[in-house]
Amino acid sequence: MAENFPTFSLLESTRWRDYELLDSGDGLKLERFGQYIFSRPEVQAMWKRALPEKDWSSADGTFQPTAEESGGHWVLKKKIEERWKMSYPLPGTSGVLKFWTMATPGRHLGVFPEVASHWDFMAQAVQRAGRPANVLNLFGYTGLASLAAAAAGAQVTHVDASKKSVGWARENQELSGLSSKPIRWIVDDAQKFVQREGRRGAKYDGIILDPPKFGRGPKGEVWEVYKSLPSLLEDCRAILSDKPLFLIVTVYAVKASAIHVGQALEEIMKKYNGNVESGELVSREKSAGRLLSQAVFARWHLK
Ligand SMILES: C[S@@+](CC[C@H](N)C(=O)[O-])C[C@H]1O[C@@H](n2cnc3c(N)ncnc32)[C@H](O)[C@@H]1O
């Protein structure tokens with residue numbers, strides 16, 4: 001094993017009751033989101049499906065991809081609700097997150113179940129800190145990471161480029177009964193926001209970022225993970241408080257290596273007395289117990 005290398009780990013979100021990876025293979029994954037079952041493309045599922053065809057064909061929805069990158073449409077078997085509720089039990093006394101799910105045009109369903117292990121980690125870090133924590137969630141989408149941190153007692157700033165996603169996140173705040181919690185909902189380009197916070201002298205104790213491979217800010221600002229992530233990490237370091245709790249990065253781009261993201265984070269955080277851990281976010285199949293890697297991550301946390 002290479003010397004002085006960040007700890008390598010596989011993170012599995014084991015607290016789900018409302019989500020299951022039922023099976024995978026032949027470039028597909030079969031998942032349960034609450035009461036509905038969906039079949040979606042999963043290029044990395046390079047093995048044979050374990051469940052018989054009848055289980056796959058009984059899915060309520062199947063995403064039919066087109067040649068265009070992440071293009072395609074849903075074929076919905078029977079009239080499923082336009083949106084339905086799901087929940088996630090947070091660790092300790094942070095309660096239960098409740099949120100809306102729906103089959104969105106872009107194959108996503110309003111939640112990335114594999115990042116739940118980060119929600120647990122953040123909620124525990126905020127509770128353990130024993131002091132008020134200021135947390136920033138960049139590329140926050142439907143806000144579940146923001147709600148997990150707020151439920152644990154943090155003051156949260158949530159940033160996403162999509163007005164629709166931020167609206168959805170606010171509805172999830174209400175549904176989770178967290179309307180009184182201090183959350184700032186911001187529609188903005190992540191990098192622009194962080195640079196402005198830097199100029200303002202704002203400080204955060206915890207930052208979580210989960211950028212897409214490619215994205216656009218509200219004014220068309222281009223986000224390309226390999227080009228933009230290094231400078232965004234630099235900018236994030238500049239707005240960390242003197243005693244930060246965590247800095248968590250998740251990368252969905254297929255080519256990304258946990259080793260590289262881990263080393264980039266280690267370099268950024270070397271002045272702080274902490275640990276870097278990196279690896280993969282995985283889901284375990286109910287059918288054959290195989291692991292499906294969904295993203296790579298690196299996280300820095302106080303020793
Ligand atoms: C992979 S999703 C994030 C998932 C989210 N972290 C979660 O755990 O549910 C990527 C998000 O990045 C947002 N986004 C894309 N480009 C952006 C940019 N330049 N600035 C801010 N948000 C951006 C998209 O609107 C989308 O909500």
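In this predicted model, Asp-26 counts as partly exposed, because its relative accessibility is 33% and that class lies between the cut-offs of 20% and 50%. Asp-26 is placed in the loop that links β2 (19-25) to β3 (28-33). Its backbone has a positive phi of about 50°, although the residue is not a glycine. Most residues other than glycine have a negative phi.

A second residue, Tyr-141, also shows a positive phi of about 50° without being a glycine. Tyr-141 occupies the loop between β9 (134-138) and α3 (144-151). The relative accessible area of Tyr-141 is 19%; residues under 20% count as buried, and Tyr-141 is therefore assigned to the buried class.

Helix α7 was examined next. This helix spans residues 258-268, and its buried residues are Ala-258, Val-261, Gly-262, Leu-265 and Ile-268. Viewed down the axis of α7, these buried residues fall within an arc of 125°, so they line one face of the helix. On the face of α7 turned away from the buried side, the exposed residues His-260 and Glu-267 are found. The cover over the buried residues of α7 includes both helical and strand elements, namely α6 (225-238) together with β1 (7-12), β15 (246-251), β16 (274-284) and β17 (291-302).

The protein chain as a whole contains seven helices and 17 strands. Along the principal axes, the C-alpha atoms fill a box of roughly 55 × 50 × 40 Å. Of the 303 residues, 54% count as buried. Among contacts with a separation of 6 or more, 64% are accounted for by residues 24 or more positions apart.

The surface and the charges were also considered. The accessible surface of the protein chain comes to about 14,000 Å², and 53% of this area belongs to carbon and sulfur atoms. The protein chain carries 41 positive and 35 negative side chains. The centres of these two sets lie 4 Å apart.

Key:
Residues are numbered from 1 along each chain as its sequence is written. This is a predicted model: local features need pLDDT of at least 70, side-chain atom pairs count only at pLDDT 80 or more; totals for chains, interfaces and linings use all residues. Side-chain values use heavy atoms; hydrogens and water are left out. Helices (H or I, at least four residues) and strands (E, at least two) are DSSP runs, numbered from the N terminus. Buried means under 20% relative accessible area, exposed over 50%, partly exposed in between (1.4 Å probe, protein chains only). Contact means heavy atoms within 4.5 Å. Accessible areas come from the Shrake-Rupley method with a 1.4 Å probe; for residues, only the protein chains shown count as cover. Lys and Arg count as positive and Asp and Glu as negative; His and the chain ends are not counted. The place of a charge is taken as NZ of Lys, CZ of Arg, CG of Asp or CD of Glu. The arc is that of the directions from the helix axis to the C-beta atoms.
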